Amino acid sequence: MEVHYLDVDVISVLRENGMIISSDLDEFAEVKKRAAHSRESMTDSSTLFLCISPTNSCNMKCPYCFQGDKSSKNRDTKYLNEESINNLKQLVLNAVEKPHSTRIEKISIEWFGGEPLMQKNVIKEFSKFVLDICERYNLDFYASIITNASLLDIKTWKLLEECKIFHLQVTIDGQKDMHNQVRFYGNGQGSYDDIMINLSNMPLDNFDITIRINGDKIVFEKIPDLLQDLEARGFWPQRSKQIMFHWAPKFYNFLGHNQDKDMYYTSYEYQKSKQDFELMRVNYFNDWAVRFGSKNKRLNFAYPNFASFYCSTVESANSFSIDDGGYIHKCYNTVNSKDKRIEHVTEFNGENPALNYYKKFDKTEQADCRTCKVLPICDENCNMRFVSNAESKICSPWKYFMEERMTAIYEQKFSKDRTEDKLYNGEGEIIAG
């Protein structure tokens, strides 16, 4: 409608909130400035982030694993040896005492693999070194691990506590039969029961776990059975304060376990499945809460956040992924690709142009992104997917469900008949409040 039909007070409020803008304002130029500022702030991060693969070996043989062939004939190293560990320690010490970029205020470690718990001694030794450094220089510390949990016995839980590794990601791909079809040991035996037994031994305090479910349409159908088993084992919803879920897509690729493309998600279908998954989960929780007299989850709505545009790990001059040979990568997705190695930790000085390989693009100049109406709040920030022209970009759910979500926010905040059957977090994803 014509602006001059509105009351002056209404116009003022709309202008304050950016709903009415000056006709001479170049909105796209503002978006480009925002993207550039985001990139600059990531580059200047004061956190030294190391994603470390102490081994490329794994005791499982999951057919869809993106990490490639782990057979001995195609490996030049089996684990991070003592010399590489000492070199990595020196890299940390140099970053703290002689920073090549922004001064370090925090050290963050993520253990990756292969299966990192196959090298527990490496984790123990290096963690102790970093913890001592943090204490000596008054630095913050954070650590996490991505593990299949098959080796996570009671003794290992105590090791993680000693190393202050309190955050874990564990993959469980649906109920037992479904999981065992795609998550099995080298001898073909399923891993489901071992993982569940180990998770049941998680100490009551300190730890939190994200259960990652690599999802396709068949896996999704079996989610209710998984939730029922978690409840039967006293794990979830009983310990919901320690447990989160991450529903992740399995896009079709040549390593895909199921070669029927119909089983895999398009970007739209994936975002729809995320909504369906979270609604299923919160409804299950509330049914359990009614049965046991616990408090229901309250469903909340939130506006989307501004886009970050780029990957902070790739952009930061203080973030590195380290493979089992002691070589540096800028993206953890390449740690099992020898041709993607940049340089050895002994050679690092921060000046290698290859460290900026995944920064050689401007998201606001990508054809699909430039014409997208939700670019300012886009959730897709993986540099590697853009640089490699991957088909598996995950467009924002706001791109597909804008009207639905804005209606839901309105109903919650203004309607007398408020609905509480949906839930969105600040990133536009549905979650339990």
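The structure is a predicted model, in which local features need pLDDT of at least 70 and side-chain atom pairs count only at pLDDT 80 or more, while totals for chains, interfaces and linings use all residues. Residues are numbered from 1 along each chain as its sequence is written, and side-chain values use heavy atoms, with hydrogens and water left out.

Phe 245 lies in strand S6, which spans residues 243-249; helices (H or I, at least four residues) and strands (E, at least two) are DSSP runs, numbered from the N terminus. Phe 245 counts as buried because its relative accessibility is 8%, where buried means under 20% relative accessible area, exposed over 50% and partly exposed in between (1.4 Å probe, protein chains only). Leaving aside residues up to four places away in sequence, the residues that Phe 245 touches include Ile 213, Leu 227, Leu 230 and Phe 277, a contact being heavy atoms within 4.5 Å.

Helix H9 (residues 223-232) has as its buried residues Ile 223, Leu 226, Leu 227, Leu 230 and Glu 231. These residues cover an arc of only 135° around the axis, so they lie on the same side of H9, the arc being that of the directions from the helix axis to the C-beta atoms. The buried residues of H9 pack against helix H7, strand S5, helix H8, S6 and helix H10.

The protein chain has a mean pLDDT of 87, with 88% of its residues reaching 70 or more; pLDDT is the predictor's confidence in each residue, from 0 to 100. Over residues 253-258, however, the pLDDT is below 50.
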